[in-house]
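Open the model in your viewer and keep the sequence panel beside it. The stops below can be selected one after another.

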Amino acid sequence: RTSRSKSGRPSHTHDLGHLKLQNEIILEKLNALLERMHNFERRSREWGIRIFNVPEEIEENNTTTRGLLAGLIQKFKLGGITSEENAQKEIEHCHRLGPKNDKPRPIIANFHSRPMRNSVLRSARRLLNHHPDSENQFIVEDLTHEDYELKKKAKPQMERAIRADQRAVFYKGKLLIDGRV
């Protein structure tokens, strides 16, 4: 409903105020939904890892990619796995990311259990990422784009904390140093 000013012309301030309030409410709901969506994506990636610089085979498919990954896990005994057969059992699925090009595409893999995924990640940091036979292959956790950017920004602070003998962990989009944000 429009009111009239002293000059007799309609005043829309009431309507604008109402629209601004509605807009703020909608923006709050949108931000809450985006945060929930991000949390769902983050949770779905808790089972996954990304592996870089694993050479591709000419006629590679998801089955042969799984075999390459299982062989890598067995070779370096990642997660305490000593046979390729056991490694195959632990991998839920895996595939290459992106279109083929001159460089090996990364592999994304999900495990049947988070404890095994975490064990593979921990041992990869100690063994694979510093092993002379690893051919520059490395394994990282599968982060959302937003978490990747946040972790990249937090990396200098993480490194300072580690040099100062503090425990630094990036968890669910936050940098925790000695258990504090």
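Predicted model: local features only at pLDDT ≥ 70, side-chain atom pairs only at ≥ 80, totals over all residues.

**Salt bridges and other stops**

Start with Arg-50, which is partly exposed, with a relative accessible area of 22%.

Asp-142 is buried, at 6% relative accessible area.

Next, select Glu-60 and Arg-96. Their side chains meet in a salt bridge, at 2.7 Å from N to O. Glu-60 lies in the loop between β3 and α2, and Arg-96 in strand β4 (residues 91-96), so the pair ties together parts that are 36 residues apart in sequence. Glu-60 counts as buried at 13% relative accessibility, and Arg-96 is buried with a relative accessible area of 9%.

Move to Asp-147 and Arg-42, another salt bridge, with an N to O distance of 2.7 Å. This pair links distant parts of the chain: Asp-147 is in helix α5 (residues 145-163) and Arg-42 in helix α1, 105 residues apart. Asp-147 is buried at 3% relative accessible area; Arg-42 is buried at 13%. In total the structure has eleven salt bridges.

Stay on helix α1 (residues 13-44) and select Leu-27, which is found there. Leu-27 is partly exposed, with a relative accessible area of 42%.

Where is the aromatic pair? The structure holds one. Select Phe-52 and Phe-138: the ring centres are 4.8 Å apart and the planes are at 15 degrees, so the pair is stacked. Phe-52 lies in strand β3 (residues 48-52) and Phe-138 in strand β6 (residues 138-141), so the pair ties together parts 86 residues apart in sequence. Phe-52 counts as partly exposed at 23% relative accessibility, and Phe-138 is partly exposed at 34%.

Finish in helix α4 (residues 114-126), where Ser-123 is found. Is Ser-123 buried or exposed? At 5% relative accessibility, Ser-123 counts as buried. Show Val-120 as well: its backbone oxygen lies 3.2 Å from a polar atom of the Ser-123 side chain.

Terms used. Residues numbered from 1 in each chain as written. Heavy atoms only, no water. Phe/Tyr/Trp six-rings, centres within 6.5 Å; stacked < 30°, edge-to-face > 60°. Helix = DSSP H or I, 4+ residues; strand = E, 2+ residues; numbered from the N terminus. Buried < 20%, exposed > 50% of the residue type's maximum accessible area, 1.4 Å probe, protein only. Polar contact = N/O pair within 3.5 Å; in protein donor to acceptor, adjacent residues only side chain to side chain. Salt bridge = Lys/Arg side-chain N within 4 Å of Asp/Glu carboxyl O.
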